[in-house]
Structure formats: structure tokens, C-alpha cells
Amino acid sequence: MREKLRITRGMIILLNPTISDIWLSPRLLLAFGFGSGCSSVAPGTIGTMAAIPLWYLASDFSISSYIVLVYVAFAMGCFVCSYAEKKVNEPDHKGIVWDEFVGFWITMSTAPVSWTGLAVGFFLFRILDIVKPWPISWIDRNIHGGIGIMLDDVVAGVFAASVIWVLRAIHFL
């Protein structure tokens with residue numbers, strides 16, 4: 001039988017969390033993207049896909065309400081991702097995908113609410129999050145903890161949103 005828990009420095013560490021482990025903790029539930037981060041294949045991409053229904057619901061918000069939602073999600077993410085990182089005892093664990101949710105929502109802030117807008121936004125965000133051009137790569141390597149987990153995806157989202165804004169400005173999207 002595999003070891004499930006370990007106690008380190010007085011904290012119970014969860015080894016290889018499962019979906020049932022995640023459902024038992026609201027902070028882990030958010031950090032692991034409502035369980036989407038438990039995917040054994042491409043958890044970041046699956047996490048981004050899981051963010052789509054929430055983006056679609058929020059797409060009817062005024063821009064100021066949408067921005068407040070994203071700021072709140074970012075602030076919560078810094079705390080829940082830090083907690084999850086400590087709980088699983090692994091820096092930026094691949095299953096922690098709340099950062100993908102927020103980065104994707106930032107990307108989609110400039111996208112039209114359409115299938116084309118969704119496809120372009122999803123593709124741009126995932127490419128930037130996977131390839132990590134500078135300064136995203138620098139942030140990923142040098143800023144740690146909850147803020148570091150969140151910040152590289154936020155910057156990827158800002159870059160992707162900027163590309164979408166330019167595409168819309170030249171009437172390409």
C-alpha cells in the first residue's frame with residue numbers, strides 16, 4: 001500500500017493527492033481547479049478548460065466587475081496556491097491550476113465572446129504558459145510561493161490579452 005500522508009515539521013503532508021482528497025479541503029479544491037488539476041494528462045490544459053464555463057458566466061459582467069473578479073481570484077490564488085504547495089510539499093506542483101484559471105480569465109478580458117475568441121484566447125494563453133518566453137520564464141524560475149505560482153500565468157495572460165487586443169484593433173478578430 002502506498003504512503004498517503006507524512007508529517008513534516010508539524011504539518012501533515014499529502015502525497016499524490018486524489019480527487020477525493022481535494023474535495024475535503026476548500027483551499028485545495030480551489031488550488032487544484034475544482035479537481036481538474038488531478039488529471040494525469042496535461043493538468044494545466046485541463047485546468048484551463050475547466051476555467052471556460054466560469055469565464056463564460058463572468059463574460060456578462062461589466063468590465064469593472066470582471067476586473068474586480070479577476071483581482072479577487074488572483075489574491076485568493078496567492079493564498080490557496082501557497083497553502084497547496086506546502087500541503088503537497090512540492091514547489092509549483094503540476095496539479096495546482098488555479099493560476100491557469102486566472103491567467104486564462106485575464107487573456108479573455110480582451111477577447112470577443114465567441115467560439116473564435118475562445119479558441120484564439122485558449123491557444124495563445126496555453127502557448128505562452130507552456131513556452132514561457134521572457135519575462136515569464138524569469139518569473140517562473142525566480143519568484144516562489146503562492147505569488148510566484150500565480151504571477152507567471154498572470155503575465156502570460158496579460159501578453160495573450162495584448163495580442164488579442166492588437167488582433168481586434170486591426171480587425172483580424
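**Notes on a buried salt-bridge network and its surroundings**

1. Start with the charges: Glu100, Arg126, Asp129, Lys132 and Asp152 are linked in a network of salt bridges. A salt bridge here is a side-chain nitrogen of Lys or Arg within 4 Å of a carboxyl oxygen of Asp or Glu, and by that rule the count comes to four. Keep in mind that this is a predicted model, where local features need pLDDT of at least 70 and side-chain atom pairs count only at pLDDT 80 or more, while totals for chains, interfaces and linings use all residues. Residues are numbered from 1 along each chain as its sequence is written, and side-chain values use heavy atoms, with hydrogens and water left out.

2. Take glutamate 100 and arginine 126. Their closest N and O atoms are 3.8 Å apart, and the pair links distant parts of the chain, with glutamate 100 in helix 5 and arginine 126 in helix 6, 26 residues apart. Helices are DSSP runs (H or I, at least four residues), numbered from the N terminus. Glutamate 100 counts as buried because its relative accessibility is 7%; buried means under 20% relative accessible area, exposed over 50%, and partly exposed in between (1.4 Å probe, protein chains only). Arginine 126 is buried too, at 9%.

3. Now for lysine 132, which has two partners listed here. With aspartate 129 the closest N and O atoms are 3.2 Å apart, and both of these residues are buried. With aspartate 152 the N to O distance is 2.9 Å. Aspartate 152 has 1% relative accessibility, so it counts as buried.

4. Have a look at that loop while you're there. Proline 135 lies in the loop between helix 6 and helix 7, and a cis peptide bond with omega of about 5° joins tryptophan 134 to proline 135. Most residues other than glycine have a negative phi, and most peptide bonds are trans.

5. Two residues have a positive phi without being glycine. Phenylalanine 34, with phi near 60°, sits in the loop between helix 2 and helix 3 and is partly exposed at 38%. Asparagine 89, at about 55°, is in the loop between helix 4 and helix 5 and is partly exposed as well, at 42%.

6. Helix 4 has 26 residues and reaches 36 Å from first C-alpha to last, close to the expected 38 Å; the expected span is 1.5 Å times one less than the number of residues. This helix bends by about 25° at glycine 77, the bend being the angle between axes fitted to the seven residues ending there and the seven starting there.

7. Last, the rings. Phe34, Trp98, Phe101 and Trp105 are linked into a cluster by ring pairs. Rings of Phe, Tyr and Trp (its six-membered ring) pair if their centres lie within 6.5 Å; planes under 30 degrees apart count as stacked, over 60 as edge-to-face and the rest as tilted. The structure holds eight aromatic pairs.
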